[in-house]
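Please look over the sequence and the structure below before reading on.

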Amino acid sequence: MIDDMLDPAKLPKHVAIIMDGNGRWAKKRALNRIRGHEEGAESVRAIVRASREIGIRWLTLYAFSEENWKRPKYEVEALMRLLKRFMVSERAEMLENGIRFQVIGRVRKLPGDVQQTLRDTVDKTSHNRGMVLTLALSYGGRQELADAVAEIAHGIESGALRSGEISEELISRHLYAADMPDPDLLIRTGGEYRVSNFLLWQIAYTEIYTTPTQWPDFRKEEYEKALEEYQKRERRFGAVGGE
Ligand code: IPE
Ligand code: IPE
Ligand code: MG
């Protein structure tokens, strides 16, 4: 059942989410942080499903940042195992629901077996047109820009590009997912008011919604609340408003 408070004509085309608060969710229940991540994976499942039902075209989830490599080894390993398990268990549903899966980030830093599982899912879902699910893994916005600059510089060195051709559009085309539109709505769970190196270039005019709800508790109803709030906003993009 889709929330009848939502106006289908005013849905964000692209929703990006900083899924934060798994550790605190677990701590509050005297559980291991890993249990928080496991429960967080259930929220991922629920939000992917809800997005598809509601009619969101692009959903981007921040699952592991470049800075998250600094976490204890056992936590990083548990996250990688969980990721692999999730990819395998969700593949059938992605195929059934026409979801195209892709990854942004320095994927080469991930363990080989995880990369393989990701690649399999990307390949198997590449023809789907229903919704694009992007996972940000080993992702950092500054690293993405550094990688784009390096690619552009390489193009200039090789003579394929002239410096006069550098434009916003050219930079956008050198980001990890060249065809991805900028997010309309950025949601952060877990109550912090920061961007934590997520999609720095792409969020120039994105509406931001934060909630104290921890990610494992963020399910369909909370999501619909965020979308309702988004629909009340007036986006001006630097121009004069409507009234
Ligand atoms: C978000 O939850 C998941 C990842 C960053 C992988 P956290 O693990 O950051 O949870 P908190 O912020 O410590 O509660
Ligand atoms: C942001 O959460 C990264 C992800 C959700 C993957 P963090 O927990 O890593 O962010 P900080 O450390 O609170 O800024
Ligand atoms: Mg956190």
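The report below takes the model and its conventions, then the fold, then the ligand site.

## Model and conventions

This is a predicted model, in which local features need pLDDT of at least 70 and side-chain atom pairs count only at pLDDT 80 or more, while totals for chains, interfaces and linings use all residues. Residues are numbered from 1 along each chain as its sequence is written, chains are lettered from A and ligands numbered from 1 in the order in which they are written, and side-chain values use heavy atoms, with hydrogens and water left out.

## Overall fold

The chain holds seven helices and six strands, where helices (H or I, at least four residues) and strands (E, at least two) are DSSP runs numbered from the N terminus. Along the sequence they follow the order β-α-α-β-α-β-α-β-α-α-β-β-α.

The radius of gyration of the chain is 18 Å, which agrees with the value near 18 Å for a compact globule of 243 residues; it is taken over C-alpha atoms, and the globule rule is 2.2 Å times the number of residues to the power 0.38.

## Ligand site

The shell around ligand 1 includes Met19, Asp20, Arg33, His37 and Arg71, where a shell residue has a heavy atom within 4 Å of the ligand. Helix 1 (22-28) and helix 2 (33-54) each supply at least two shell residues, and helix 1 gives the most, with three.

Polar contacts are pairs of N or O atoms within 3.5 Å. A polar backbone atom of Gly23 lies 2.9 Å from an oxygen atom of ligand 1, and for a backbone N or O atom of Asn22 the distance to a ligand oxygen is 3.1 Å.

Definitions and conventions
A polar contact is a pair of N or O atoms within 3.5 Å; within protein, one must be able to donate a hydrogen and the other to accept it, and residues adjacent in sequence count only if both atoms are side-chain atoms.
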